Amino acid sequence: MEIRVEHLTRVEGHGNVVASTVDGRVRQAVFEVVEANRFFEAILRGRDHEEVSHIASRICGICALSHACASLQATEAALGLEVSEQTVLLRRLIMDAETISSHALHVYFLAAPDYLGLQSVLPLIQEDPETVKRAFRVKKAGYDLAEVIVGRHTHPVSMIPGGFTSVPRVRDFEPIRARLVALRDDLALTVEMYQHLDVPAFERPTEYVSLRHPDHYCFYGGDIVSSAGEQVPAARYLEAIDEVVVEHSTAKHARWYGGIYRVGALARVNNNWRQLHAPAQEAMRALGLVPPCHNPFQNNAAQVVELVHCLEDALMLIDTLASRGIELEEDHHVEPRAGRGVGLVEAPRGLLIHDYTYDERGKCEHANCIIPTAQNYANLDEEMAEYLAQIASEPEDAVRRGLEMLVRAYDPCISCSTH
Amino acid sequence: MAHRPDRRPRVAFFDFACCEGCQLTVLSIGEPLIALLASVEVVQWREAISEKSDDFDIAVVEGAITRDSDVPRLKRIRERAKTLIALGACATIGGPHVSANRWPTQELLSLVYGEKAAQFEAGEVRPLSAEVKVDIPIYGCPINADEFLTVMKHTLIGRPYRPPAKAVCYECKLNGYECVYEKGMLCLGPVTRCGCNAICTSRGHRCFGCRGLVDDPNTSAAFEVLEEHGKTLEEVVGLFEIYSIRAPRVRELAEAGPHRAKPEKAPEPWRFGSNT
């Protein structure tokens, strides 16, 4: 059996599913990445500290806010800038907004059609308009929350080293807060929809890597931890993670202590589920997701769980900001200096690292960005081979669909991974 | 109606080297997008649907061209489309990775892929118009969602669309925002095409020039502002290089002297089906 899906659909970016079997045995199973490289690490060189995050956020249209946050953290660490508690709260809220918007896109528009036997959500516009409207509502709520804070979800306007060029007033949050409260019903229906989807039975343990923060379910700040008990301070990520060039991918493959691993929603839920807000833990149980969960298809369920979590978290953060007040902190003057800094966040698709070195004029001299999807590719290739072995006896169409679904369940962000 | 009355206009989305943020901006329009989707037939959109037909009327193409091997795909899209819409900064002016052109391709490949560099392809970053005729450019990094809807409406009723041709300063002033130069910062507003409603200056930031050089820049006024605020042409070109292959044009205009630049020939407004 020879399977070749050129330019897999319903994913961000260009990749091919390539697999073959001989007498029911797996000969090959890889995900080819054919996306054009945009050389972001090269073009950041020579740029001023204030231009760097503006450019770096443009690595990705879906997770621009994560890139901006990681980029700013790296620049601030390099230049010795401290940010205020208010800035951290606003950035955590930004991460919640992006996770809601990104996960909504995936669970509704990209992944769900696989389980409903559809090619896309388009047929549902006629058949089930309420579901389509709900999908747009959830996605747009995250998008509009980001707009309130930083002007635009893709690409943020007001984020600069040290803080923001402008901040929202407390009352600017009122309309979006009301929409987020109403969104609880939409997310209850989202959980219900995923409860009824038929998830393929397939288990494959791997090592799950994510950030962990002592105080909260972590998207911003914290150290790197793995399900095997490793713990690495953020700034020392190079002790654990390196990247290698592979022939079938314009994106490099990252390794964790030389081996394969998985990042993203499933890794975060597996590692940090105890810190989820209570309604998200309820959703987790309702979806039959029992950590540690080793079914890669359940990454979709983990995203639904995080939708519930991020909604509650966003409401909590908005209320915290409202009670302490929001002020524009005027002084963001930066003294150029030479130095290196590392920034890490949990982007919707997993651990994201930006690492910059600045020269004494405050110009970027060296940049290294490690993208979540690049960290999943090696794991995905091995997993495709194992899953193919399990389903190889099925008709070719079913095998092709199964492999496509497996890749999609990772929610790969391909152009971002190549950057 | 300019299109065939027996069927809804067929729309296809494509992308080349980009972040896909402009397509995401389209997907984030929300309910008005559902109405648009009802009046057309989306027949290909790799990012969002698995349906796939090469029979389409309107091609919406995001991204820049960076590899010669991608050109035939773009040309096939152009041949099949009655209307080709270039979506966003990468497709219209090169976009935020256009400054890769400052380095030799081999150096960039070696930097990323090391000794395996020879296995990978790269080339000059250029907008779609370097390879094919573009009917309607939608500028911006990312695009403005309202402008996308306007362009689609114009296209569907067969009305010509011409992109905004004033500078960002115009929209900034209309909104009454404080001039960025007054705050001591360099801003590309005086020479950048508007249509963004000055979103960056509305948030206390400056214009980075993501919509490219306005058709007929008032360079003498722009350079007066620079002089008055002690900013240099080098700084302007450096900032302009973030997005636009036309950064050298800014230098040219400056060196042509302190007079109003001779406008380049303005493009003919485009009509649905005019090139078929």
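Predicted model: local features only at pLDDT ≥ 70, side-chain atom pairs only at ≥ 80, totals over all residues.
1. A residue is taken as buried if 20 or more other C-beta atoms lie within 10 Å of its own. Six of the six residues of β1(B), which spans residues 10–15, are buried, so the strand is largely enclosed by the rest of the structure.

2. The pairing of β1(B) involves two further strands of chain B. Strand β2(B), residues 41–45, pairs with β1(B) in the parallel sense over four bridges, and within β2(B) the bridge partner of F13(B) is W45(B). Strand β3(B), residues 58–62, also runs parallel to β1(B) and is joined to it by five bridges, with E62(B) as the bridge partner of D15(B).

3. The largest nonpolar core has 218 residues, and those with the most contacts inside it are I94(A), V305(A), A59(B), V61(B) and I85(B). Helix α4 of chain A, residues 85–116, gives the most to this core, with 14 residues, while domain 1 (10–157) and domain 2 (168–255) of chain B each provide at least three. Leaving aside residues up to four places away in sequence, I85(B) touches I58(B), A59(B), V60(B) and V61(B), and also D135(B), I136(B), I138(B) and V151(B).

4. The contact between the chains takes 45 residues from chain A and 48 residues from chain B. On the side of chain A that touches chain B, at least two residues come from each of α1 (40–43), α2 (49–56), α4, α5 (122–127) and α6 (129–150), and α6(A) gives the most, with six residues. The residues on this side of chain A divide into 19 nonpolar, 16 polar and 10 charged.

5. Helix α9 of chain A, residues 278–286, has A280(A), A283(A) and M284(A) as its buried residues. Seen down the axis of α9(A), these buried residues fall within an arc of 105°, so they line one face of the helix. On the other side of α9(A), A278(A) and R285(A) are exposed. What covers the buried residues of α9(A) includes α7 (174–195), α8 (265–272) and α10 (299–324) of chain A. The helix is followed by G288(A), whose phi is positive, near 70°.

Definitions and conventions:
Residues numbered from 1 in each chain as written. Chains lettered and ligands numbered in written order. Buried ≥ 20, exposed ≤ 12 C-beta atoms within 10 Å, placed from the backbone. Arc of directions from axis to C-beta. Contact = placed C-beta atoms within 7 Å. Core = buried A, V, L, I, M, F, W, Y, C linked by C-beta atoms within 7 Å. Domains from an automatic or database assignment. Pairing = 2+ DSSP bridges. Nonpolar A, V, L, I, M, F, W, Y, C, P; charged D, E, K, R; others polar.
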